[in-house]
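Q: Could you walk me through this structure, taking one feature at a time and giving the general idea before the particular case?

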Amino acid sequence: MNQADILTVRDLKKHFVIGHKDVLRREPITVKAVDGISFTVKEGETFGLVGESGSGKSTTAYTVVAMYRPTAGSISFRGENLFEGKNERTRALKKEIQIVFQDPGSSLNPRRNVKQILELPLRIHRREENRTEQIARLMDMVELPLEHMHKYPQALGGGEKQAVAIARALATDPSFIILDEPTSALDVSVQAKIINILIGLQDEFNLSYLFITHDLSLMRNVASRVAIMYLGKICEVAETAEFFRNPYHPYTEMLLSSIPVVSEEEEQVKPKRIRSTGEIPSPVNVPPGCSFHLRCPVRQPGCAEEDPVMTEIEEGHWVRCHLQC
Amino acid sequence: MSSPPSRQDSGHLSRPPQNGALLKIRDLHVHFKVYGGRLRVLDGVHFTMHPGEKVGLVGETGCGKTTTMKSILRILPEPPARIAGGEIYFKGRDVLKMKQKELRKVRSEGISMIFQDPTAALNPVFTVGQQLEAVVKYSIEGKNLSRKEIRERTLQPLREVALPDPERMLDTYPLQLSGGMRQRVCIAMALAASRELLIADEPGTSLDVTIQDQILRLLHRLVEETDVSVLLITHTLGVVREMTDRVYVMYAGRMVEVADTQELFDNPLHPYTHGLMEAVPRLTGGGVADGIAGRIPDYMHPPQGCRFQPRCPRAMEVCHQEKPTFYRIDDNHQVACFLYRDSET
């Protein structure tokens with residue numbers, strides 16, 4: 001792995017104030033949606049971010065595209081800090097970082113047809129020469145038949161809608177795309193097609209992906225590196241093959257052992273040691289110490305008091321757990 | 001409408017004698033009236049399950065799984081839905097011919113349901129205790145119970161589903177609970193009275209994997225303990241593999257394949273089942289297969305012949321004209337596809 005880093009996230013925090021404990025508004029109630037995470041995405045790779053609902057995956061994504069401003073920490077893209085000084089991102093930067101949302105049913109404007117949807121980013125980014133040809137090319141890239149050009153989203157199937165959303169993200173010719181659960185609203189038979197289109201595009205244009213999902217089986221097949229998030233923190237990062245061969249964190253094992261699989265070979269890959277118990281606590285009341293200790297089957301007395309730090313246990317394999325230190 | 005028994009029917013997997021079926025659906029047709037026409041959603045569904053069996057029903061969004069399930073309990077909104085033909089026998093009696101009073105008896109004593117979305121399944125203005133009590137009161141055993149006994153019987157299922165502090169749970173409103181806890185309450189409600197058939201419609205789909213795993217394990221354990229028959233409806237193949245003995249695969253309003261679970265996963269025959277299996281990403285890696293081209297047909301103008309034919313990589317001439325019937329491959333495997341016309345035993 002000698003590729004250059006394209007996106008570097010350092011100690012990123014995003015807290016939301018959701019109310020106050022007292023009428024005088026002296027004590028705010030905050031949700032620590034993202035609470036100090038660091039990772040890098042390399043040029044041309046797919047970095048997978050996995051977690052349950054409420055773990056802060058989407059908040060991370062939205063912060064990277066500047067829908068939110070971080071509470072603390074930095075995000076830099078090709079060495080340039082995204083949140084330094086000026087509030088507005090330059091158009092050139094916006095062009096480079098694009099996002100595909102989970103539900104194409106609500107991320108596409110129902111009153112615009114495919115052509116209009118794909119035209120908008122071209123107009124905003126002033127790439128208006130041969131607009132129709134460009135749109136045709138975009139549709140071709142995501143394997144959408146050209147006859148869909150004048151159709152409205154509701155006339156398209158789920159997979160086709162998501163293909164339009166991907167084409168829209170590609171319109172500005174980005175180098176980095178955030179895929180926020182791009183297939184979880186789709187059926188498996190359709191998911192496969194979308195995934196293969198994404199992989200094809202990555203090979204062709206050397207795109208980097210930040211791939212967010214809760215589906216570890218999918219991650220196994222698309223990501224080059226995987227990070228697991230739990231309650232706003234990353235608890236394990238490793239290269240995909242290593243990650244599945246050698247999961248360290250008890251939460252990772254719990255996730256892996258929870259996956260319903262379709263074959264005996266996969267059954268062998270699943271860790272047997274750990275069964276899932278408990279539920280993800282509310283991010284308003286994060287437990288003290290290691291945030292996972294309440295559900296952890298192998299917790300030690302110290303886990304409730306001290307928050308573990310990220311430790312590199314093997315090259316490129318980082319774990320945040322007292323047991324591994 | 002009583003159609004003559006078709007061939008598709010005759011070939012049904014029949015472990016114990018036919019008349020011993022707990023639930024038997026024959027040639028069920030359900031249409032929905034919508035603006036501009038009629039959606040022919042169920043197009044001749046055949047289905048049989050026997051007492052004590054755990055049967056899975058797999059299919060993708062919009063294939064008619066939930067419509068089938070709702071027809072069994074007669075909770076389809078009619079209109080717009082209309083049961084245009086067929087029979088649904090529960091313990092030998094046709095649900096479609098029952099009067100309201102008998103139906104109520106089936107729902108309160110015969111079949112219980114776990115819905116996909118526990119938030120929508122629970123009434124937000126009643127406490128968990130009130131809703132559970134209603135279930136107990138209207139069950140067979142609940143007729144002559146004292147208040148104290150009813151209370152005890154509402155607490156018992158809450159303990160079984162491993163909810164913390166069941167006593168306090170009785171006075172909480174669904175809104176105060178998390179998704180996983182709400183689904184546990186729904187399971188408790190389904191278990192509060194003894195039933196013969198439990199229908200679970202995507203019981204873990206709206207939950208996180210770790211919670212889904214807990215819910216499924218719980219369901220599995222309770223089913224083993226109580227010996228109730230289960231119809232598990234889902235679109236996740238992995239769930240079916242872990243939970244059921246026998247599986248029906250549904251596509252666009254028809255059953256396309258039925259086999260013992262192990263057999264189906266080892267040897268999927270229908271091109272649709274095949275495509276579906278291939279499309280599932282594996283934990284062992286190896287990339288993702290290309291899935292199935294196209295999408296589920298428009299129910300207003302369904303394709304002629306086999307409904308899968310427009311997407312089928314192996315479609316033949318005959319597939320465009322005729323609807324395939326079930327071909328029996330062996331005692332525990334049948335497939336509705338013309339490719340296997342000649343391999344019938």
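Q: How confident is the predictor in chain B, and what share of the residues score at least 70?
A: This is a predicted model, and the confidence is given residue by residue as pLDDT, on a scale from 0 to 100. Chain B averages a pLDDT of 84, with 94% of the residues scoring at least 70. For the complex, the predictor gives an ipTM of 0.80 and a pTM of 0.84.

Q: Which strands of chain A form the open sheet, and in what order?
A: Strands of a sheet pair through backbone hydrogen bonds, either parallel or antiparallel. In chain A, four strands form an open sheet in the order 2-1-4-5, with antiparallel pairing. Strand 2 (28–42) and strand 5 (80–81) of chain A are the edge strands, each pairing on one side only. Within the sheet, strand 1 (residues 5–20) and strand 4 (residues 72–77) of chain A are joined by five bridges, and A:Ser76 in strand 4 has A:Thr8 standing opposite.

Q: How many residues are in the largest nonpolar core, and which have the most contacts inside it?
A: In soluble globular proteins, nonpolar side chains tend to be buried together. The largest nonpolar core here has 183 residues, and A:Ala167, A:Leu210 and A:Ile228 are those with the most contacts inside it. Helix 8 (residues 179–191) of chain B gives the most to this core, namely eight residues. The residues that A:Leu210 touches, leaving aside those up to four places away in sequence, include A:Val41, A:Phe47, A:Ile178 and A:Leu179.

Q: Why does B:Val256 count as buried?
A: A residue is buried if 20 or more other C-beta atoms lie within 10 Å of its own. B:Val256 has 26 within that distance, and is therefore buried. This residue lies in strand 10 (residues 254–260) of chain B, and among the residues that B:Val256 touches are B:Val249, B:His270, B:Phe308 and B:Cys337.

Q: What does chain B bring to the side that touches chain A?
A: Contact is made between 35 residues of chain B and 33 residues of chain A. On the chain B side, the elements giving two or more residues are helix 9 (209–226), helix 10 (237–243) and helix 12 (271–279). By class, that side of chain B has 14 nonpolar, 13 polar and eight charged residues.

Key: Residues numbered from 1 in each chain as written. Chains lettered and ligands numbered in written order. Predicted model: local features only at pLDDT ≥ 70, side-chain atom pairs only at ≥ 80, totals over all residues. Pairing = 2+ DSSP bridges. Core = buried A, V, L, I, M, F, W, Y, C linked by C-beta atoms within 7 Å. Buried ≥ 20, exposed ≤ 12 C-beta atoms within 10 Å, placed from the backbone. Contact = placed C-beta atoms within 7 Å. Nonpolar A, V, L, I, M, F, W, Y, C, P; charged D, E, K, R; others polar.
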